[in-house]
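Hi everyone, thanks for having me. I'd like to walk you through one protein chain today, starting with the whole thing and then zooming in. Here it is on the screen.

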Amino acid sequence: MVCAQVRQVTHDVKTFILRARGPRVFRYEPGQFVTLTVGINGQDISRCYTISSPPTRPNFIAITVKRQHGGVMSNWMHDHVRAGTELRVQGPLGTFTLSRYPSAKYLFLSGGSGITPLMSMTRALYDLAADTDVLFVHSARTPSDIIFRAELSGIAGVYPGLRVTHICESDSPGESWPGLRGRLDQYMLQTLAPDLQEREVFTCGPAPYMAAVRDLAGINPLRYHEESFDFDDLPGQRADARDDQLTPGSAPVTTYAVEFTRSARTIRCGADETILDAALDAGMHLPFSCTEGMCGTCKCTLTEGSVDMHHNGGIRPREIAQNKILPCCSMPLTDLVIDA
């Protein structure tokens, strides 16, 4: 895809508008994500980003990226992507979308850049003039860190179904925050959403934020959905490589030979570890992003052998029937030969 425009959203957040090379419309569900792959310092780097635009505007897709301290991909995007830059894009993927959970009432809870999938959903509901009650509660460090602040205020001003509340931990240098302060807690949630049990809840943000949301009482677990993409700081090689030394009295773990035909490498992989983990431990550089079986970046073809694969939507049934696997969530059951 080709970057058509870059928009500055906050001091450290940019939106990148992407189009196809030729005329094309894009079909996806609000809240889904894509995987971007770019060459950085001679190595292909892949990361997942939620589509922040709505499918009701199908001539382009937009991704909104926060610059992360030390983040390989986010810093490259901010520093190098301009109008005309070409990017490899795979997707869309993901099941974090309200189109699969229709409801008369929603509660959107986001922290930081986790606002992006919920913004896609909000824009879609607004464009469709949906008769839906949406309470959108976003948490940010300071007022200057509120992503899509002006747009959300504008939508809420004309869309009767949307109510927006921001929570800030502290003031900005140039703005004293008059609204809710601190972090989302039980009192805030009960005050803002006394009808919490009636709402379908979608949550996205950093892992600590979502862990705190899970601890809040009153959320119906059957109506709770969450998503997190903290993949920008993934290392090129695992820092937590396993210790192969067996403790006294422990049983040896069965290992299998895994041959990567295109890489001309054969490694050993334990029956209790994923193929991706074993490959990274062996110093191989395979494409990957989420490590959770969601994004499909590591997808490859298994030509011999069998695996135990537990994915989270990053591979389709027809692809599995064609012997495709996701090494990030596959453990060997036999010796393997992989076209990678």
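This is a predicted model: local features need pLDDT of at least 70, side-chain atom pairs count only at pLDDT 80 or more; totals for chains, interfaces and linings use all residues.

Okay, so how many helices and strands does the protein chain have? The tally is 7 helices and 19 strands. The radius of gyration is 22 Å, close to the 20 Å that the globule rule gives for 340 residues, so the chain is as compact as a globular protein of that length.

Now, the inside. Buried residues make up 50% of the 340 residues. And if you take the contacts with a separation of 6 or more, 65% of them are between residues 24 or more positions apart.

In soluble globular proteins, nonpolar side chains tend to be buried together. Here, the largest nonpolar core has 25 residues, and the ones touching the most other members are V258, F260, I275, I325 and I338. Several elements give two or more residues to this core, including β13, β14 and β19. Which element gives the largest share? That's α6, with 5 residues.

Let me pick out I325 for you. Leaving aside neighbours within four places in sequence, I325 is in contact with a whole list of residues, among them I275, L302, V307 and I338.

Next, have a look at I267, which sits in strand β14, residues 265–270. Is I267 buried or exposed? The cut-off for buried is under 20% relative accessible area, and I267 is at 5%, so I267 counts as buried. Not counting residues up to four places away in sequence, I267 touches V258, F260 and M284, among others. That last one, M284, is 17 residues from I267 in sequence, and the two C-alphas are 9.5 Å apart.

Last stop: the second largest pocket. Its volume is about 320 Å³. There are 15 residues lining the pocket, and M1, R24, F26, G91 and P92 lie nearest its centre. Strand β6, residues 88–93, gives the most to that lining, with 4 residues.

Conventions: Residues are numbered from 1 along each chain as its sequence is written. Side-chain values use heavy atoms; hydrogens and water are left out. Buried means under 20% relative accessible area, exposed over 50%, partly exposed in between (1.4 Å probe, protein chains only). Contact means heavy atoms within 4.5 Å. A nonpolar core is a set of buried Ala, Val, Leu, Ile, Met, Phe, Trp, Tyr and Cys residues joined through side-chain atoms within 4.5 Å. On a 1 Å grid over the protein atoms alone, a cavity is a set of points where a 1.4 Å probe fits but cannot get out, and a pocket is an open set with protein on both sides within 12 Å along at least five of seven lines; lining residues have an atom within 4 Å of a point. Grid points are joined across faces, edges and corners, and a volume is the space filled by probe spheres set on the points. The radius of gyration is taken over C-alpha atoms; the globule rule is 2.2 Å times the number of residues to the power 0.38.
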